[in-house]
Amino acid sequence: MVRTGGASVAAGPTLAVVAREAGVSVPTASKVVNGREDVAPETRRRVTEALDRLGYVRRPRFDAAKTPGLVDLVVHSLDNSWSGAVLHGVEAAAHDAGLEVVVSAGLTRTRGARPERGWLDKLTARGSSGVLFNLAELTPSQYAWLEQHRIPFVMIDPVLEPPSGVVSVGAANWHGGVTATEHLLALGHERIAVVAGHQRKMCSAARVAGYRSALASAGVRHRPEYVRHAGFDEGVAHLRTLELLDLPEPPTAVFVCSDRMALGVYEALAERGLSVPDDLSVVGFDDLPEARWISPALTTVRQPLSEMAATALRLLVRMMDGDPPESTRTELSTRLVRRSSTAAPRDATPR
């Protein structure tokens with residue numbers, strides 16, 4: 001594989017072969033490869049398809065020893081405090097390493113089954129030495145493209161389990177789920193629900209698994225109706241909380257798998273005239289600034305987002321130098337931050 005930047009790849013077709021296959025001139029094919037905009041859409045489509053079909057590998061046109069270091073950071077979006085924490089960590093580590101960072105949002109999404117080649121071509125055209133992907137869900141074609149072009153990359157909190165050999169950095173999500181649930185158990189809660197993210201997302205599945213493990217260790221019965229998925233969406237979390245409150249035996253506490261979703265939980269309780277923590281204890285996950293701003297302040301599991309991002313940047317620098325890490329997966333520890341949103345249930349004695 002070429003993910004570490006140290007392996008070589010077999011020589012592929014020349015640009016002249018690609019141009020002939022697509023029925024265009026070599027200069028036109030070169031414009032497409034280098035991300036130029038002055039190419040007709042139909043011509044770009046033919047050249048792109050020929051590039052994919054023939055497995056053309058674009059050689060970097062920069063000398064890493066002479067060119068100032070440049071890395072790309074691709075984030076899911078820029079409209080939340082999560083991305084702000086990631087940006088802070090990457091920028092601080094990049095400054096220490098003497099690197100510059102180009103930030104893009106949402107550019108790993110696909111149209112149909114084909115990755116958006118425009119951004120990928122521009123990546124090599126501007127001479128980036130490596131890429132950090134945050135909360136990205138890459139397709140097999142995108143992984144293959146990065147490998148073919150010998151571009152080292154690191155995943156920060158990948159959405160799905162990445163292929164073997166891909167380097168990633170995340171948080172100890174399972175342990176965080178255990179910690180959150182054990183805190184509620186210690187207060188005397190047994191009717192503990194969980195509002196989770198996406199079922200198939202790595203971090204969400206691990207947090208729910210930790211929740212279930214803590215219940216089992218305490219000898220508390222797991223109730224399937226207490227597990228609700230809200231896709232990390234605040235509005236959906238609001239609806240799922242109303243569903244929990246409408247159960248014949250509603251929970252007395254809830255572990256919410258993100259601070260953003262906890263805002264939806266608070267809103268649902270206020271809508272029903274209920275309060276935190278008197279009627280429902282709430283534990284979040286992330287420790288974003290919102291956790292301190294809401295009232296009552298949210299007890300939550302802190303995952304070190306800036307530290308995760310900085311660690312990923314440092315790993316990427318090693319890979320750019322041809323020094324692959326010993327392990328492809330790095331997990332940073334999580335810890336409970338106690339605030340005012342949890343208390344003992346009215347009819348129970350803390351353990």
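Rings of Phe, Tyr and Trp (its six-membered ring) count as a pair if their centres lie within 6.5 Å; planes under 30 degrees apart are called stacked, over 60 edge-to-face, and the rest tilted. By that rule, ring pairs link Phe133, Tyr143 and Phe153 into a cluster, and we'll come back to it below. This is a predicted model, where local features need pLDDT of at least 70 and side-chain atom pairs count only at pLDDT 80 or more, while totals for chains, interfaces and linings use all residues. Residues are numbered from 1 along each chain as its sequence is written, and side-chain values use heavy atoms, with hydrogens and water left out.

**The chain as a whole**

- The chain has 12 helices and 14 strands; helices (H or I, at least four residues) and strands (E, at least two) are DSSP runs, numbered from the N terminus.
- Of the 351 residues in the chain, 52% are buried. Here buried means under 20% relative accessible area, exposed means over 50%, and partly exposed is in between (1.4 Å probe, protein chains only).
- Take the contacts in the chain with a separation of 6 or more: 74% of them are between residues 24 or more positions apart. A contact means heavy atoms within 4.5 Å.

**The six-stranded sheet**

- Six strands form an open sheet in the order S2-S1-S5-S6-S7-S13, with parallel pairing. Two strands pair if DSSP finds at least two bridges between them.
- At the edges sit strand S2 (100-105) and strand S13 (329-332), each pairing on one side only.
- Neighbouring strands of this sheet are turned by 20 degrees against each other on average, direction ignored. For angles like this, axes are lines fitted to C-alpha atoms (for helices, over the stretch in contact), and angles run from 0 to 180 degrees between N-to-C directions.
- Zooming in, strand S6 (residues 153-156) and strand S7 (residues 167-171) pair in the parallel sense over three bridges. Val154 has Val167 as its bridge partner in S7.
- Helix H12 (residues 305-320) packs on the sheet and touches strand S1 (70-75), strand S5 (130-134), S6, S7 and S13. The direction of H12 makes about 165 degrees with that of S6.
- In the loop between H12 and S13 you'll find Gly322, which is partly exposed with a relative accessible area of 43%. The C-alpha atoms of Gly322 and Pro152 are 9.3 Å apart, although the two are 170 residues apart along the chain.

**Aromatic rings**

- A pair of aromatic rings is described by the distance of the centres and the angle of the planes.
- The structure holds three aromatic pairs. One of them is Phe133 with Phe153: the ring centres are 6.1 Å apart and the planes are at 80 degrees, so this pair is edge-to-face.
- That pair links distant parts of the chain, with Phe133 in strand S5 and Phe153 in strand S6, 20 residues apart.
- Phe133 counts as buried at 1% relative accessibility, and Phe153 is buried too, at 0%.
- Tyr143 and Phe153 also pair up: their ring centres are 6.1 Å apart and their planes are at 40 degrees, so this pair is tilted. Tyr143 is in helix H6 (residues 140-148), 10 residues from Phe153 in strand S6.

**Charges over rings**

- A charge sits over a ring if NZ of Lys or CZ of Arg is within 6 Å of the ring centre and within 35 degrees of the ring normal.
- Lys201 lies over the face of Phe232, 4.8 Å from the ring centre.
- Arg207 lies over the face of Phe285, 3.7 Å from the ring centre.

- Strand S11 (residues 281-286) has six of its six residues buried, so it is largely enclosed by the rest of the structure.
- Both faces of S11 are covered, with Ser281, Val283 and Phe285 buried on one side and Val282, Gly284 and Asp286 buried on the other.
- S11 pairs with strand S10 (residues 253-256) in the parallel sense over three bridges, and Ala253 has Ser281 as its bridge partner in S11.
- Arg272 lies in the loop between helix H10 (259-271) and S11, and is partly exposed with a relative accessible area of 36%.
- Leaving aside its neighbours within four places in sequence, Arg272 is in contact with Leu242, Leu245 and Asp246.
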